[in-house]
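Reader: I'm new to this one and would like a close look at a single part of it. Could you walk me through how a pair of helices sits together, and then what lies elsewhere?

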Amino acid sequence: MINDVVAFVNNILWGQGQVLIYMLLICGIWFTVRLKFVQLLDFKHMFSLLKNSNKDDESGISSFQALCTSLSARVGTGNLAGVAVAISLGGAGAIFWMWVIAFLGMATGYAESVLGQTYKIRDANGQYRGGPAYYIKQGIKNSWFSILFALCLFFGYGFVFSAVQANTITDAINNSYGIPTHYTGLVIALVAGLIVIGGLRAIAKFAEWVVPFMGITYVLVALIITLLNIQLLPGVIADIFLSAFGLQEAAAGAFAAAVKNGIQRGLYSNEAGSGSVPQAAASASPVPNHPVSQGYVQMLGVFFDTMILCTATAFIILLGTDTSVGEMQGIQLTQLAMESHLGSMGGDFVAAAIGFFSFTSVVANYAYGESNLHLFKLDNKVGKSLFTAGYLMMIVWGSMASLPTVWAMADMALGLMTVVNVIAIMILTPTVIAVTKDYQQKRKSQQTITFSESDCEIQGELEEKIWKGEA
């Protein structure tokens with residue numbers, strides 16, 4: 001019965017209904033146009049904001065830590081196994097649509113991160129909290145819609161997504177070393193439990209060290225493999241673009257499969273629009289002290305995740321193995337491709353990489369779920385203990401579950417979150433525009449960039465009238 005429900009919801013969101021594909025494309029185009037192609041015109045500025053982003057205070061984490069925390073949730077199964085799933089089901093053309101949704105998603109991710117910072121609050125411990133549940137409640141002033149998102153996030157990040165990450169880790173290790181999946185699942189749960197006990201700041205400090213190391217190492221290996229096969233690269237790139245529109249495929253529905261799987265797996269990887277990243281963005285003490293600075297930083301996260309890491313995996317696979325499998329293939333396809341490049345050590349490298357990538361996601365997922373506990377008055381020892389127990393149990397379950405089952409549940413959870421969040425950020429467009437104009441005007445006039453709600457009130461009222469067609 002559960003499988004039937006999941007299949008029914010996914011068919012509406014991703015299948016025949018294709019609700020999310022249209023929503024994500026429309027939302028990405030909307031914010032790209034309304035923000036005047038901010039992801040292109042301010043591309044260099046994204047990097048400049050990381051220069052002083054290591055400064056933090058006791059109320060939050062640094063912008064760099066927030067970026068690493070969000071990347072640790074983004075960078076994982078989606079980058080190695082998710083790309084393999086997209087290629088196996090949608091062909092090489094799925095990568096093109098991953099790029100498209102990432103480019104548009106940079107604007108969407110910017111908007112939701114700005115809102116996360118704008119509507120953040122301090123909890124009872126003096127720590128910053130925020131995210132869609134907070135900006136829906138404060139900005140839209142709709143409590144039930146806020147609670148709906150929080151429930152979707154609990155289901156996804158609190159339980160399901162960690163099961164997917166655990167499934168990929170245990171599958172890769174079993175494939176390379178023959179270790180039973182449930183044994184590896186128990187070890188993952190134990191180590192994750194020891195880390196998450198320290199809370200968000202401990203998770204952020206863990207991510208700050210691990211994410212840059214694993215990202216740089218993986219990209220360097222992918223770059224070396226690409227250079228060694230440089231003569232094949234033009235053909236691969238041509239295949240990506242031609243297959244994206246079904247121009248090289250004899251089978252009917254190839255175009256639709258490329259679009260569906262590219263956007264679906266692209267969203268799972270970079271999470272732009274799903275409402276997850278604002279949790280980390282809201283926890284930051286940004287430099288300069290303005291919501292827009294964190295919007296730029298998190299926009300960089302989308303670029304790094306999809307344009308760099310997913311592309312690296314795509315080239316490894318497309319340069320190394322037969323991708324015309326026609327059925328769902330996950331981490332094993334990536335391992336086979338790596339073995340074709342590096343021999344038997346290639347499979348070991350992927351197993352190690354997915355261990356780092358996915359484990360950081362497992363840990364960051366906990367932070368996202370835990371950040372919404374006090375919305376339900378559960379931010380106490382009993383509530384946190386029950387949440388932690390459920391989270392760890394799902395890791396163990398995910399390590400033994402089948403690949404299609406965990407991916408289907410993840411697609412449903414991510415889809416439900418995204419529907420709620422996209423509606424919310426579209427409604428709050430006037431706030432995003434007003435706060436952005438405040439930042440850009442101060443930057444242009446070389447004023448000290450700080451944020452005050454009063455600075456945006458007049459502009460916000462004008463944007464609201466324009467939005468309603470009254471001005």
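Reader: At what angle do helix α9 and helix α19 pack, and how far apart are their axes?

Author: Keep in mind that this is a predicted model. Two packed helices are described by the angle between their axes and the distance between the axes, and here's how that works out. Helix α9 covers residues 143–177 and helix α19 covers residues 403–427; they pack at an angle of about 150°, and their axes are 9 Å apart. Angles over 145 degrees count as roughly antiparallel, so α9 is roughly antiparallel to α19. The crossing of α9 past α19 is left-handed.

Charges do pair up elsewhere, though: the count of salt bridges comes to two. In one of them, the side chains of arginine 443 and aspartate 42 meet at 3.6 Å, N to O. Arginine 443 belongs to helix α20 (residues 429–444), while aspartate 42 sits in the loop between α3 and α4 (43–48), so this pair ties together parts that are 401 residues apart in sequence.

Now for α3 itself. Two elements give two or more residues to the nonpolar patch: α2 (19–34) and α3 (38–41).

How values were computed:
Residues numbered from 1 in each chain as written. Predicted model: local features only at pLDDT ≥ 70, side-chain atom pairs only at ≥ 80, totals over all residues. Heavy atoms only, no water. Axes fitted to C-alpha atoms, helices over the stretch in contact; angles between N-to-C directions. Helix = DSSP H or I, 4+ residues; strand = E, 2+ residues; numbered from the N terminus. Parallel < 35°, antiparallel > 145°, perpendicular 65-115°, else oblique. Left-handed = near helix turned anticlockwise from the far one by under 90°. Salt bridge = Lys/Arg side-chain N within 4 Å of Asp/Glu carboxyl O.
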